[in-house]
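Dear colleague,

Please find the structure handed over below.

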Amino acid sequence: MNDMPNKACWRAEDVSTILNNEALEGHEGVFLATHTPIIGFDVLGSHAGEIEGRDEHAVLSALSDPGRRHAFCVVQGEPGSGKSHLIRWLSVNWPWPNDVKLLLQRADGSLEGALRQLQDRLPPEFKELFDNLGQRHRATVRGRANNFLTNLANALDPDHFDPPLEDVEWCRTHNPTDLIAHREVRQKWNGPSRILRLLEGANQERNSASASFDLFDIEDLANACHGVYGSGVLPRTEMLAQRLTKEAQVIREYRQNGWSAEEIETAPEAKAQVRVSIELAAALNRRRNDAIQNVLGVSAEGLKRLFRQVREELALRGQRLVLLLEDITSWEGVDDSLIDVLVTNAETRGSDGDRDMCPLISVVGVTPAYYQKLHGNYRGRITHELRLGAAQHDGDLQDVATLRDRTLRLSFAARYLAAVRIGAAALKDWRERRREDPYVEVPNRCETCSHRPGCHAVFGAQSGVGLFPFTADALERMFSALNERDNGMTWKTPRGILQAILGPNLSQPLAIEKGAFPTLLLENQALSADSRRLSRRLSQQIDAAVEGENERSRMRRTLAYWGDKERADTTLLESGELAFSGVPHRIFDTFQLPWIGDSVGTSPTVAPIVAPDPQPAEPINEAPASPAKPKEGPRPSTITGPAPAPKGGNVPPSRRRTPTKSELERLRDQLRKWADTGELDEPTEWNKTLYSLVQAIDPRRVGLDPFTFRRLVTTERVKIEGTAPGQRNYFSVKLESWVINGFEAHVALRLDKDMSVRDQEFHRQNLATMMRRLERTLSEYADKRLSLMPDGKRWTPLPSLVQLLLFRAWLRGTVSPDAPPPAQLRAILSDESEATSDPLSRSTPWQEFLNKTHPWHERFRDATREMMRAPQGDGQGFGLLDVSVAAGAITRLRNTFKFDSVPKSDSDIGVSELDRLREIVADTEGSLSRIIQIEMAQIRGRSDALVTNLRGHSIRSHLYRVDQAVDGVFHHLPNAAPDLVRQWKAQLDRLKPRFEAGADARVEELMMAFADEDSAPPKRNAPLLGWLAEAPARDLNDFRSAAQVGEDLTTNLLEAVRDCVREGRGTASLDDIKSVGHLFRNAVQSVHGN
Amino acid sequence: MSLLSSTQGTPDRVWSLISALSVSGGALDRATAAEWLNPGFVQNGSVVQEKQDAFLQTLGAATSLGAVTADGKTLVLNPSLDAREFPAFCDWVHDRLVDLDSGEKDAVVLETYAWLALQSLQEGGLSWVHDWTASKFADAADGALPDATDDDGSRRINTSKLSTWRRWLLALGLLVPIPFSAQPHPAAESRAALELRRANLPTGAEIDADRFLDELAVRLPYLDRGRMFTATAKRMGHAPTSAKVSPLLSATLRNLHDEGIIELKLRGDAGQVVRLFEDSSHRLQAFHGVVLTGAFA
């Protein structure tokens, strides 16, 4: 006999009846069979002390106490958290038949439905009271919405209410009346229709949603008010519209990043930016009930009067009224009036006649959102407040206390599984038997099932109820996967378990025998998509081993929830059975899935699962233990705060984070989502991760030097494709398998400290592959940034840097081109000292090159040092010199006197040093020899000029002879060319120390070199440049200049003497004149040499 | 000095020396060569210069490789060495090391890698490379090498030589640096792709798996079927089957296949196949033939 089930042990119709059990009448059997005790809640309120315990019995005991005359008990919990269930349980177990107990269920969620229930449940004699409640308008939905909007606009008029409401001054300042009443707003704004639709039950899908205007309504209003401008409204109304439009941009950004309207409204940094929108929403909500009652045809006063009359009548009968309202939101529109009724204590309000009313015990279900907006006056009058859960931080949704414990969660599911198996009809019988015998057990089909031993061994059981087709771990994983933030609501509730876990898995029982289980229904919106995204290894293993997409997705669902989606190992269970990814072999068989594990167990058994409880704090940015392991001590943290608020609306808000996950888990989920959908959350973070990986590459492996690598690969340049505009100067990787695998390895190796050896193997291999592929990508990126040369090879900046610095050193006389290479290297790498080549006396191109490179040489040198250092390993020292590139560059420059070619590219590299380098080299292309030729011509020209002026004398001799002649003339003709004489004297004085230093001899030697073949300047560029750099260019120029001044001066003086002689005729004897004339002529002629 | 005992003689430093010799016509006197690599320069008023030992060890590594010979005070570049680019130098080094007999001191470089490949078979993967301590790794590797000592009298492989060993293997394309690990990861794809390009194998045509692996074993003798691999296995007393490929070579072949450099073929009716080491996350578990696509990395 097969000891495993091969088909479902329940019927689809029972699933529907039992899981979707809203109505209590006729279904008490289901209700009681599936009831899970509600425990662990908090009790507050003015009379909290009356409830002695934290369970439902204590509540019942306190509220139903025969002596009680008044109670206004509020049950607070998120939608689906069990408020209604508790209230129904109180109703079912209410012990006093004499009390008039009215259970008003949520029904269709509409006010009309709520009133109808009230009418139906009240004793018949009260039904006529409903005739005075009001008359519903005969209008279409659109017509009612228009009426609602018109009423709202009127109510926003500052003079509308008497006494005025608290925001009257705000309304006076902003004049919202004209905005709301504007024709275009009326046509385009959907807010009033939405509110009306909710109040009318939203087609029974209201789910306790509050029918209040929120920030998204105001955003919608802002989008509808473009026609307001220039339409004749008051300037302050236009300003209000402007302000709303501006704030709508902020709201939109938050909304698009996953924030709910309530979260925006409560987060301090967010609400500060949408202040006016919040105030307008509050003003609208403050007037909602007044505006809607007329539309819905309900009179608040009529409702109060109705209850007053009922209570007066019951008082006469000596009965208490017990009102059990599952959901106050069903009463929105008249809720304030209803609460007025509920808080009215006949015992304490005797002065106005209330004493004539019967005692009223009310229990009301409210959501935390509703409670937050409940007026303080009402809150103060709550006698008992039961909080079914708690939020960890402001803005968080509440959890459900009853579901905090794994055993309770499993018991909750097991009760429903047992009920579904036994069926609704059998439960009805059981209920009847239970009336006779309150201790009769709920029937359990497992007790008589032949598959029980194997089924319970593999799928597990809770209190004797088999968990098939789930396992305890599967239920826990699914619970853990329930979305805690789905448009402002949480699925981690009892209702969430029913609707998102039990329902989808049980509703198609035939799927099991047909080999179609688990079905696609399991992939519902309530379970986060992240929860079914498998590790890369597991995913790839399925792709490799399972044929057909349907089977693969069935396998993926099974492994995601029944197994450990982070593991792809075959393990040996204690039972001796093999399990793959934590899923026992027999589950594969039962679900008719192929076994894809190994034939032997290779790894230790995987630890059991406990869904992380969404409470305590765990710091982010810290790798937690394996998520598969039960967590002890403090529970994971909730990341409550949104990212820093955008300033001025420029920076979009970060995506609202899912709580309870570590930073690394979040990154892993994002990665899998990226692989799954192509949508990458937090691209900035991923670009940073990519950057850090690229930084781990040794640049030399891709032919880059460290400097160029550092400057090309910056955080701004490294992008995942699609996260920035495609540009040539971005290092970019695509969404490819090796990228996803590498990123996952990068996260997993930090996150998952308990991974198996095979997982480690898989991830390290993937990381190694990614690093290799990144090297190739980096190489291609460097090709693009630096450009390719005509030979197809990438341009390398170092040779150009070396050559440029070296040529500069040559021109400055730091080193001769003929010096040995190590000396050249020293000149290139050393800080510059004073030039020895008299640069200011050099030709224009010589000076221009030095001037052009002057502002950059230090940066060029720093770059060159970084490029050439060859430390040992990661050592910080400079190490030896990597001359592999520089050696050739030096040699080529010496041999050719040309810089290596640089790429001719129109676009910049984006590295200032390299762009400038390329520019300078391109400017001087072919001009290095020209610089030498021009300089040579200048030196030779100056030398020739000096030689001519010296007239065969030495420099010193010539200049002193000139001076002597000048003195002689000056003595007799002190007024002859006095300025030139002063200039000459000053120049000669400056040159005298040079004589002492032998400068004249060096210049004469230079002049001799031009005249003498044996000592002529070298012919080849390198030695010639060395020769030129050492030439006394400054002395040559100064002596040449002085000689020229002397030449000019003596010419002037000779002219003056001649004038003097001419003027002397007739005033002196002819002999005297001749004597003076000879004297002058000799002196000057001795200078000129003729 | 052996390659591994020249701990300061890193591949890029040796390459630097070779480049200096190359531009100097293939020969330099020792002092000038030392000055080339260590000229000293002034930065912020201080002289920056490495200790002389760094050059000596660089020279030691270069001479041990046979890239440079010392003729008195003159250093002479091996004329067979292609000194145009670093990758060509690495190819030359690889060829040189591949050709060494087991008795030669630098054979330890690839013999240790052969041991690693064999050990991957025993360990069922390569993760142990990251998990073992340096001394455990060095001891195990040394135990698998032929009995001999290095020039310095110490073991041919020990913890102080491991860094040098890894540097050379990184340069040869046999290891890949990965984040979060002090050790680079063994990965022979880069070298295998280079050697396939250099091998005289037809592209575009299916080659029998055995012929392909045999050819690869000639060029990569430290991997499965290779001379060093086989000798190491013999010394260790292991008998790896030729029908199943080691994890190291399996990963290499799968990655080359995924990157489109080779195409591993498996026909349903193929009789004799070569089984890759099990990796259930990959579709390929065996192959009977190989096509070189010509898309060499």
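Which two side chains meet in a salt bridge at 2.4 Å, N to O? They are those of Asp979(A) and Arg982(A). A salt bridge here is a side-chain nitrogen of Lys or Arg within 4 Å of a carboxyl oxygen of Asp or Glu.

Before going further, please note that this is a predicted model, in which local features need pLDDT of at least 70 and side-chain atom pairs count only at pLDDT 80 or more, while totals for chains, interfaces and linings use all residues. Residues are numbered from 1 along each chain as its sequence is written, chains are lettered from A and ligands numbered from 1 in the order in which they are written, and side-chain values use heavy atoms, with hydrogens and water left out.

Salt bridges within the chains

Over all chains, the structure holds 103 salt bridges. To return to the pair above, Asp979(A) and Arg982(A) are separated by about one helical turn because they stand 3 residues apart in helix 42 (residues 978-997) of chain A. Helices (H or I, at least four residues) and strands (E, at least two) are DSSP runs, numbered from the N terminus. Both residues of this pair, Asp979(A) and Arg982(A), are exposed. The term exposed means over 50% relative accessible area, buried means under 20%, and partly exposed lies in between (1.4 Å probe, protein chains only).

A second pair is found in helix 37 (residues 857-868) of chain A, where Asp862(A) and Arg865(A) lie 3 residues apart, about one turn of the helix. Their closest N and O atoms are 3.2 Å apart, and they form a salt bridge. Asp862(A) is partly exposed, with a relative accessible area of 42%, whereas Arg865(A) is buried at 5%.

In chain B, Arg155(B) and Asp139(B) form a salt bridge with their closest N and O atoms 2.9 Å apart. This pair links distant parts of the chain, 16 residues apart: Arg155(B) is in the loop between helix 7 (134-144) and helix 8 (159-172) of chain B, and Asp139(B) is in helix 7 of chain B. Arg155(B) is partly exposed at 32% relative accessibility, and Asp139(B) is partly exposed at 42%. Chain B also has a network of salt bridges that links Asp91(B), Asp95(B), Arg191(B), Glu195(B), Arg198(B) and Arg219(B).

Where the two chains meet

In chain A, 50 residues are in contact (heavy atoms within 4.5 Å) with 53 residues of chain B. The count between the two chains is 8 salt bridges. One of these joins Glu259(B) to Arg776(A), with the closest N and O atoms 2.9 Å apart. Several elements give two or more residues to the side of chain A that touches chain B, among them helix 26 (536-545), helix 32 (737-751) and helix 33 (757-786) of chain A. Helix 33 of chain A gives the most, with 14 residues. By class, this side of chain A has 19 nonpolar residues (Ala, Val, Leu, Ile, Met, Phe, Trp, Tyr, Cys and Pro), 13 polar (the others, Gly among them) and 18 charged (Asp, Glu, Lys and Arg).

Cys446(A) is in no disulfide, as the nearest cysteine sulfur, that of Cys449(A), is 6.4 Å away. Cys446(A) is buried, at 7% relative accessibility. The sulfur of Cys358(A) is 17 Å from the closest cysteine sulfur, in Cys73(A), and so is too far for a bond. Cys358(A) is also buried, at 0% relative accessibility.

With kind regards

Key
Disulfide = S-S within 2.5 Å.
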